[in-house]
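Visitor: I am new to this structure and would like a short tour. Could you show it to me?

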Amino acid sequence: MKVILVNGSPHKNGCTHAALEEVAGELEKAGIETEMFWCGVKPAMGCIGCGKCSATKRCWYGDDAVNGFLEKVGGADGFVFGTPIHFAGTSGAVKPFMDRAFCSKTGIYANKPAAAVVSCRRGGALGGFEDLNRYFTIAGMPVVSSNYWNEVHGNTPDEVCRDLEGMQTMRQLGRNMAWLLRSIEAGREAGVELPVTETKIKTNFIR
């Protein structure tokens, strides 16, 4: 099994990376392969709502990290998306990345567990945490929790590592993700079928 951990920070080896590394360590202890994917290599274009990706499951715009990530989705069993907190929300790199990674493509994520991780200096963590979780819940992804909201605090990676409660939260998140993946695998081997998915009904409220 494999989990992809997406780093939505403009700093590749910064605070968000330190948190994700702690999660990855627990997954690897459980025998689950991990891969770090940094989406902050260059600015990500926002979604223009053209709808072309509904057929191709790829974005027409290929000059950033989105399509590279989409190529990996099919081979992953779970995901952890991490972001630093900027102005009490997700980073300017991860928001457009998530919009285009999920727009008209939610079916490729269905029934694959996901978790959000946020890193902040002091406050504003829950705004970004809730924003990331909205992508998972519209895509039918089981949301993995820990023993607290999945956040760490600090202004440098060293400070994050000294946030003992935050690091414990990351480790528990990794263990919970591993447990859920193993449970899904056991259910599959026992013949437990995935939930039946109805054809999507879309209702507009303007008549």
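Guide: What follows concerns one lysine and then some aromatic rings. This is a predicted model, in which local features need pLDDT of at least 70, side-chain atom pairs count only at pLDDT 80 or more, and totals for chains, interfaces and linings use all residues. Residues are numbered from 1 along each chain as its sequence is written, and side-chain values use heavy atoms, with hydrogens and water left out.

Visitor: Where does Lys112 lie?

Guide: Lys112 is in the loop between helix H4 (94-102) and strand E4 (114-120). Helices (H or I, at least four residues) and strands (E, at least two) are DSSP runs, numbered from the N terminus.

Visitor: What does the side chain of Lys112 reach?

Guide: It reaches the backbone oxygen of Val73, at 2.8 Å.

Visitor: Now the rings: how many aromatic pairs are there?

Guide: A search of the whole structure finds 13. Rings of Phe, Tyr and Trp (its six-membered ring) pair if their centres lie within 6.5 Å; planes under 30 degrees apart count as stacked, over 60 as edge-to-face and the rest as tilted. One of the pairs, Phe37 and Phe97, is tilted, at 6.3 Å centre to centre and 35° between the planes.

Note on methods:
Polar contact = N/O pair within 3.5 Å; in protein donor to acceptor, adjacent residues only side chain to side chain.
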